[in-house]
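Student: Please walk me through this one, topic by topic, and spell out the cut-offs as you go.

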Amino acid sequence: MKRLISIIVSLVILAVIYSKIDFPGLIEVFKNCNGWWMVISLGMVVPLTLFTAWRLQQLMPTGSQLGFGEATRLILAASVLNMVLPSKMGDIAKAYFMKQRGHLDGTLSLSLVVFEKSCDLLSLLLWCVFGLLLYPQKDALFWIMTVSVILGLVIGVFLLSSRKFAHLFFLVTKKFAPKKLRSKLEKLQTSWGEMHEYFWRDKGQLLKITATSIFIWFLHLLQIWFFILALKAWTPFLANLALSPLAILAGLLPLTFAGVGTRDAALILFYQPYFAAPTAAALGLLCTSRYLLPAIGGLPFLGQYLSTVRDLRQQRDRI
């Protein structure tokens, strides 16, 4: 039912968007696009996937049997689930697959994925803060967003760096959270504590993973800027560093199907000073392709992982 509601919300938002923009103008934008830039921008999905797989491999404990090919398949399989689960929760499924295939035990695999996603979010917020501070056209709304993003970044850094702060944060959150969420927060708190213990042992490894995450998100935002060039539009790169993360964050809200609708509306709103709504709508479709293409590539591997899990369950039932 939740998935159905999110799909309906996405369709309603898209219907409102396309009823208000010049739809023939949207088609014309794609007809007149720059083919080379389009190939380059869409092709960036490949190095982004490979860098993310390499980072996952580096996150694993010394002596782990997770190879680069297996890490890549896990990333692609998670991309399929990210299309149907809210707030990129498909990445959490990686922990389950790694546990079932014997790469890690259950709590450590969840801790690893929680750390990976925390690095992703903080890297995105970092680039967003950098862009917003340099963005020249800040009105009251942008100052509110700038302060909010900086606050989120600071809280995230403290959660990763301070056990006492993390303990206090989870204590307060559980106190005000609905009963249904409290058990999940308990598990997350346990995994968070194990993540602290595991990743802060090796400061050099921690620095390498952090730098890699920041670089990966630079490539993500560069890809969106390449999309703009492919559509024969223009936005200063520093402005893109401020605006595109805000649109991505809007797409992470668990309101719509894979962020479709909220992300498109945010792109149209934020990029108004630089190009018309039809071009922004075209940019929204290209941004959706960033998630769709890896998901298509991951379909065969998702089936493989699900069948492996099913076989292991059947073996346990026989025992």
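This is a predicted model: local features need pLDDT of at least 70, side-chain atom pairs count only at pLDDT 80 or more; totals for chains, interfaces and linings use all residues.

Student: Is V154 buried, exposed or partly exposed, and by what cut-offs?

Tutor: V154 is partly exposed because its relative accessibility is 37%, where buried means under 20% relative accessible area, exposed means over 50% and partly exposed is in between, with a 1.4 Å probe and protein chains only.

Student: Which residues make the nonpolar surface patch with V154?

Tutor: The patch consists of F130, L133, L134, I150, V154, F158 and L238, and its area is about 590 Å². Helices α7 (106-134) and α8 (140-161) are the elements that give two or more residues to it. Patches are built from residues with over 30% relative accessible area and no salt bridge, joining like charges within 9 Å and nonpolar side chains (Val, Leu, Ile, Met, Phe, Trp, Tyr) within 5 Å, and the areas come from the Shrake-Rupley method with a 1.4 Å probe, counting only the protein chains shown as cover for residues.

Student: Zooming out, how many helices and strands are there?

Tutor: The protein chain has 14 helices and zero strands. Of its 319 residues, 48% are buried, and it exposes about 16,000 Å², 71% of which is supplied by carbon and sulfur atoms. Taking contacts (heavy atoms within 4.5 Å) with a separation of 6 or more, residues 24 or more positions apart account for 72% of them.

Student: On to charges: how many salt bridges are there?

Tutor: The count is five, with a salt bridge taken as a side-chain nitrogen of Lys or Arg within 4 Å of a carboxyl oxygen of Asp or Glu. One of them pairs R55 with D120, their closest N and O atoms being 2.8 Å apart. R55 belongs to helix α4 (residues 45-59) and D120 to helix α7, so the pair ties together parts that are 65 residues apart in sequence.

Student: Are R55 and D120 buried or exposed?

Tutor: R55 is buried at a relative accessible area of 0%, and D120 is buried too, at 10%.

Student: What about E186, which residue does its side chain meet in a salt bridge?

Tutor: The side chain of E186 meets that of K174 in a salt bridge at 3.1 Å, N to O. The two link distant parts of the chain, E186 in helix α10 (residues 179-199) and K174 in helix α9 (residues 163-176), twelve residues apart. Salt bridges that share partners also join R55, E116, K117 and D120 into one network.

Student: And how far apart are R73 and E70 in helix α5?

Tutor: They are three residues apart in helix α5 (residues 68-82), which means a separation of about one helical turn; the closest N and O atoms of their salt bridge are 3.1 Å apart. R73 is partly exposed at 27%, whereas E70 is buried at 9%.

Student: Switching to N240, what does its side chain reach?

Tutor: The N240 side chain reaches the backbone oxygen of L221 at 3.0 Å. As a polar contact, this falls under the rule of a pair of N or O atoms within 3.5 Å, where within protein one must be able to donate a hydrogen and the other to accept it, and residues adjacent in sequence count only if both atoms are side-chain atoms. N240 sits in helix α12 (residues 237-252) and is buried, at 0% relative accessibility. Leaving aside neighbours within four places in sequence, N240 contacts L221, I224, W225, I228, T235, P245 and Y271.

Student: Where is K232, and what is its phi?

Tutor: K232 lies in the loop between α11 (203-230) and α12, and its phi is near 60°, a positive value in a residue other than glycine. K232 is exposed, with a relative accessible area of 57%.

Student: Last one, how many disulfides are there?

Tutor: The count is zero, with a disulfide defined as a pair of cysteine sulfur atoms within 2.5 Å. As for individual cysteines, C33 is partly exposed at 22% relative accessibility, and C128 is buried at 0%.

How values were computed. Residues are numbered from 1 along each chain as its sequence is written. Side-chain values use heavy atoms; hydrogens and water are left out. Helices (H or I, at least four residues) and strands (E, at least two) are DSSP runs, numbered from the N terminus.
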